[in-house]
Amino acid sequence: MRDKRMSLDDVVGELRSGMTIGIGGWGSRRKPMALVRAILRSDLTDLTVVGYGGPDLGLLCSAGKVRKAYYGFVSLDSAPFYDPWFAKARTEGAITVREMDEGMVKCGLQAAAARLPFLPIRAGLGSAVMDFWEGELKTVESPYPAADGRTETLVAMPALNLDAALVHLDLGDKHGNAAYTGVDPYFDDLYCLSAERRYLSVDRLVETEELVKAVPQQAIILNRMMVDGVVEAPGGAHFTFSGSYGRDEKFQRHYVDAAKTPESWAEFKATYLDVSEDEYQAAVRAFATQEG
Amino acid sequence: MTETTTSTRAEVCVVACAEIFRGAGEIMASPMSPVTTIGARLARLTFEPDLLLSDGEALYLAETPALGAKAPIEGWIPFSKVFDVVASGRRHVVMGANQIDKYGNQNLSAFGPLQRPTRQMFGVRGAPGNTINHATSYWVPKHNRRVFCEQVDIVSGIGYDKVDPANPAFRFHHLHRVVSNLGVFDFGGPDHTMRALSLHPGVGADEVAENTAFEIAGLGEAGETRLPTEEELRIIRTVLDPKGIRDKEVAA
């Protein structure tokens, strides 16, 4: 079995500008933030991002990495809820968005995973979703009439085919088997099934034997044929919630506050983003000891 | 003087939110704020004992705890499975609304044009799927003309004027109630427009009209929202919300 360990920068080295990238997790929960931070340090640009958005999408917007986004929502999950950089990118018209119902994101990933061009779904009909897609979203008439002879017209949710998927789980082995230890798997398995290249960061890398003993088998949502590269990144989901640590609420507020002026953002960026992942984690530990 | 004459506006709202679930049976109730959560839990502890309630994360609660308290669980409902429940229709959600119009179109996405809004909020979230699949109600803690507006900027949850009668895919659309800090409404007005069912004690039709940008049917005829019973008040105050979180959402 192959050893798929890589560094964060190795992963980013395999990505290209213009790619469509799916980012696992949900809102401000179990986001592959260490991988996102590595993208921020790179010269990658012109990305299309797919996901249940949180500060991952916000941070990528802060650095002008995003051209287009496919999402059902963007939320920080706790007050102040709205991501400041996503809001700025939207209000300045800096990105094109394909907003949709949350269930449509899952549906599009399922279509991609099944190598289908689309899957039908009711959600989206009658709503602004059709307008958001500017003609990119079509409907399909059911070939099966109902008992009364009428047929349903449904949204033909297109496959959300991903060039690459980035996910973060709590525990994994060097081959790409991995488990979540929280209460919700989110959709990380689906992202990996929908992508050409699949990259996993884990808080803790263990031997396979330890992995299968550490969690109920059902929690091992990724197996090695679903993963191309594994990065050990302790605290790699920070500041979002992971299974083994909570969302860093104080730091998340710091992120939102820092975005308020160019000066405070420059300071935040210099301290936390223009640095290596190790330096980031050290700066976060220093922040945690501060008063207030 | 009975105990019930001392109910606060927040407590009246909690009971109105509980009433949203009357007759719902064995379905998943999905309240989205403290007052609606207290309401759903009150419904389960009184007249709708079969409701399924989640902890707001991924677990079904077997018992009915106070807001923020832990309780034994009876099952697992991760986000992925929520969408299956949504499509199956066995759910009634009570969402918020940054804007809502007379047909029940709701917006929680953004204000302004789609691709360049003036203010960005959450995105449409589950509103398009909820409103086309199962019963949906709305809770607005601050009833004013900005929320109850002439026309929403971005249709997230769909209103009755968006239903295509020729397309059976819309057959599950059902907006049940809108509860605000001023009253209880449904869409039984002309052409499925908003209609007043009851106004909360102390609220006049003029106050509602002044705070609504469109005409609400039946404002003059609406009765008074029922007060909590003594037992309901006891449950709200001592069992479900001993810390008085409801009062932060609705001013007395």
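1. A:D257 and A:K260 form a salt bridge, their closest N and O atoms lying 3.1 Å apart; the term denotes a side-chain nitrogen of Lys or Arg within 4 Å of a carboxyl oxygen of Asp or Glu. A:D257 is partly exposed at 41% relative accessibility, and A:K260 is exposed at 62%. Here buried means under 20% relative accessible area, exposed over 50%, and partly exposed in between, with a 1.4 Å probe and protein chains only. Side chains of opposite charge can pair when their charged atoms come close.

2. On the basis of the note: this is a predicted model, in which local features need pLDDT of at least 70 and side-chain atom pairs count only at pLDDT 80 or more, whereas totals for chains, interfaces and linings use all residues. Residues are numbered from 1 along each chain as its sequence is written, chains are lettered from A and ligands numbered from 1 in the order in which they are written, and side-chain values use heavy atoms, with hydrogens and water left out.

3. Over all chains, the search finds 35 salt bridges. One of them joins the side chains of A:D9 and A:R41 at 3.6 Å, N to O. This pair links distant parts of the chain, 32 residues apart: A:D9 belongs to helix α1 (residues 8-13) of chain A, and A:R41 to the loop between α2 (33-40) and β2 (47-53) of chain A. Helices (H or I, at least four residues) and strands (E, at least two) are DSSP runs numbered from the N terminus. Both partners are partly exposed, A:D9 with a relative accessible area of 49% and A:R41 with 31%.

4. In chain B, the side chains of B:R226 and B:E232 meet in a salt bridge of 2.7 Å, N to O. B:R226 is partly exposed at 30%, whereas B:E232 is buried at 5%. Elsewhere, salt bridges with shared partners connect A:R29, A:D77, A:R247, A:E249 and B:E57 in one network.

5. Turning to the interface, 44 residues of chain B are in contact with 47 residues of chain A, contact meaning heavy atoms within 4.5 Å. The area buried between the two chains is about 3,700 Å², with 55% given by carbon and sulfur atoms. Buried area is the accessible area (1.4 Å probe) that two parts lose on being put together, summed over both. B:Q115, B:F122 and B:R125 supply 20% of the area that chain B buries against chain A, more than any other three residues.

6. Four salt bridges are found across the interface of chain B and chain A. B:R125 also meets A:E102 in a salt bridge, at 2.8 Å from N to O. The side of chain B that touches chain A receives two or more residues from each of α3 (79-88), β9 (119-120) and α4 (127-133) of chain B.

7. Which cysteine sulfur is closest to that of A:C107? It is the sulfur of A:C192, which at 19 Å is too far for a bond. A:C107 is buried, with a relative accessible area of 6%. In chain B, the sulfur of B:C17 is 6.6 Å from its closest cysteine sulfur, in B:C13, again too far for a bond; B:C17 is buried at 1% relative accessibility.

Technical notes
Disulfide = S-S within 2.5 Å.
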